[in-house]
Amino acid sequence: MNEQKAGFIAVIGKPNAGKSSLLNWLLDEKIAMVSKKANATRKRANAIVMHESTQFIFVDTPGIHESEKLLNKFMLDETLKAMSDADLILFLSPATDSLQSYRDFLSKEPKAPHAVLLTKCDKITNKRLLEKLSEFEPYQSNFKAIIPISTKHAKGKKYLLEELQKFIPEHPYFYDPELISTQMMREIYAEQIREAVFEFVSDEVPYSSHVLIDKIEEGEKLEKIYATIVVEKENQKNILIGQGGSVIKKIGIQSRKTIEKLTNKKIFIKISVNSSKNWTKNEKILTKLGYL
Ligand SMILES: Nc1nc2c(ncn2[C@@H]2O[C@H](COP(=O)(O)OP(=O)(O)OP(=O)(O)O)[C@@H](O)[C@H]2O)c(=O)[nH]1
Ligand SMILES: [Mg+2]
């Protein structure tokens with residue numbers, strides 16, 4: 001038998017680059033929330049992926065961006081921590097974007113070696129892909145590898161893992177190889193509800209929302225989830241509930257469906273909405289909610 005290898009890969013890139021989609025794609029499971037809107041991910045989350053005798057721990061991070069809000073500072077901090085703990089940094093650059101975010105990343109002088117993952121390659125032609133690869137050529141002394149992918153297709157996963165395997169050190173497995181994530185189920189449930197909030201509510205409301213899982217009741221046939229969405233203002237609460245409860249109903253239905261798929265169980269969800277004044281700027285509340 002081959003020696004066991006195990007290591008951490010930090011998944012980095014600007015908001016909307018496709019980081020959370022990559023984790024879900026690698027696992028064939030939807031554990032991380034994905035949204036068309038930027039800045040969806042708040043906390044580090046991970047996906048444990050086994051390939052031959054290698055255990056990869058992919059660490060999802062919030063997109064790199066600068067802002068004054070305390071919550072956003074926390075998000076940046078999460079990303080920097082993941083980068084410094086990694087054996088390899090995977091820098092995600094959408095094939096449709098310019099190289100500016102990559103240059104910004106290089107200017108931060110990352111401590112660990114990195115590979116570039118060109119994401120969303122289904123959106124461009126082969127000709128454009130070749131041009132894109134040549135745009136990266138001047139930087140080839142900086143990166144260890146450059147790999148084009150698309151999470152819209154199943155193919156490419158094995159090739160990616162084989163390439164990444166080269167950068168993982170010999171080390172006994174960190175986790176039971178049966179595990180797919182070290183996140184608790186309640187965190188994963190909260191993420192699915194947050195994803196639905198991003199889908200059905202616009203403007204600042206999703207960014208002002210935090211989901212608390214108050215209680216989970218596990219029955220033999222049915223699992224009951226009781227959650228609260230905390231927003232910053234009374235009017236945001238009204239938007240989230242919607243006329244006659246229409247919006248919160250949609251959020252409930254969609255998150256129930258995704259959680260049912262994930263758990264293969266029948267799910268009942270009850271979501272309440274509360275407002276807590278300016279929680280994204282309040283140190284005490286951020287601490288209570290587990291961000292600080
Ligand atoms: N066409 C296409 N779209 C993709 C691909 N990967 C991700 N997307 C879309 O890009 C958007 C952003 O994806 P996310 O995975 O949420 O991006 P992220 O980098 O985690 O974003 P933040 O958490 O906000 O930093 C979503 O609408 C995805 O469906 C891909 O390979 N092809
Ligand atoms: Mg994300």
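A salt bridge is a side-chain nitrogen of Lys or Arg within 4 Å of a carboxyl oxygen of Asp or Glu. Lys30 and Glu195 form one, with their closest N and O atoms 2.9 Å apart. That distance is within the 4 Å cut-off, so the pair counts as a salt bridge. Keep in mind that this is a predicted model.

**Two domains**

The domain assignment of the protein gives two parts: domain 1 covers 5–165, and domain 2 covers 185–288. Taken over C-alpha atoms, their centres are 27 Å apart. Domain 1 brings 16 residues to the contact, and domain 2 brings 21 residues.

How much area do domain 1 and domain 2 bury between them? The value is about 1,600 Å². Carbon and sulfur atoms account for 52% of it. Within domain 1, Met33, Lys37 and Arg42 lose the most area to domain 2. Together these three make up 37% of what the domain 1 side buries.

**Across the interface**

Now for the polar side of the interface. The rule finds 1 salt bridge between domain 1 and domain 2. There are also 11 residue pairs in polar contact between the domains, counting pairs with both residues at pLDDT 80 or more. On domain 1, the side that touches domain 2 has 8 nonpolar, 3 polar and 5 charged residues.

**Ligand 1**

Which residues are closest to ligand 1? They are Lys19, Ser21, Asn39, Ala40 and Asp122, out of 21 residues that surround the ligand.

| Residue (polar backbone atom) | Distance to an oxygen atom of ligand 1 |
|---|---|
| Asn16 | 3.0 Å |
| Asn39 | 2.7 Å |
| Thr151 | 2.8 Å |

Taken alone, ligand 1 exposes 660 Å². The protein buries 91% of that area.

Note on methods: Residues are numbered from 1 along each chain as its sequence is written. Chains are lettered from A and ligands numbered from 1 in the order in which they are written. This is a predicted model: local features need pLDDT of at least 70, side-chain atom pairs count only at pLDDT 80 or more; totals for chains, interfaces and linings use all residues. Side-chain values use heavy atoms; hydrogens and water are left out. Domain bounds come from an automatic or database domain assignment. Contact means heavy atoms within 4.5 Å. Buried area is the accessible area (1.4 Å probe) that two parts lose on being put together, summed over both. A polar contact is a pair of N or O atoms within 3.5 Å; within protein, one must be able to donate a hydrogen and the other to accept it, and residues adjacent in sequence count only if both atoms are side-chain atoms. Ala, Val, Leu, Ile, Met, Phe, Trp, Tyr, Cys and Pro count as nonpolar, Asp, Glu, Lys and Arg as charged, and the others, Gly among them, as polar. A residue is near a molecule or strand if one of its heavy atoms lies within 4 Å of it. Accessible areas come from the Shrake-Rupley method with a 1.4 Å probe; for residues, only the protein chains shown count as cover.
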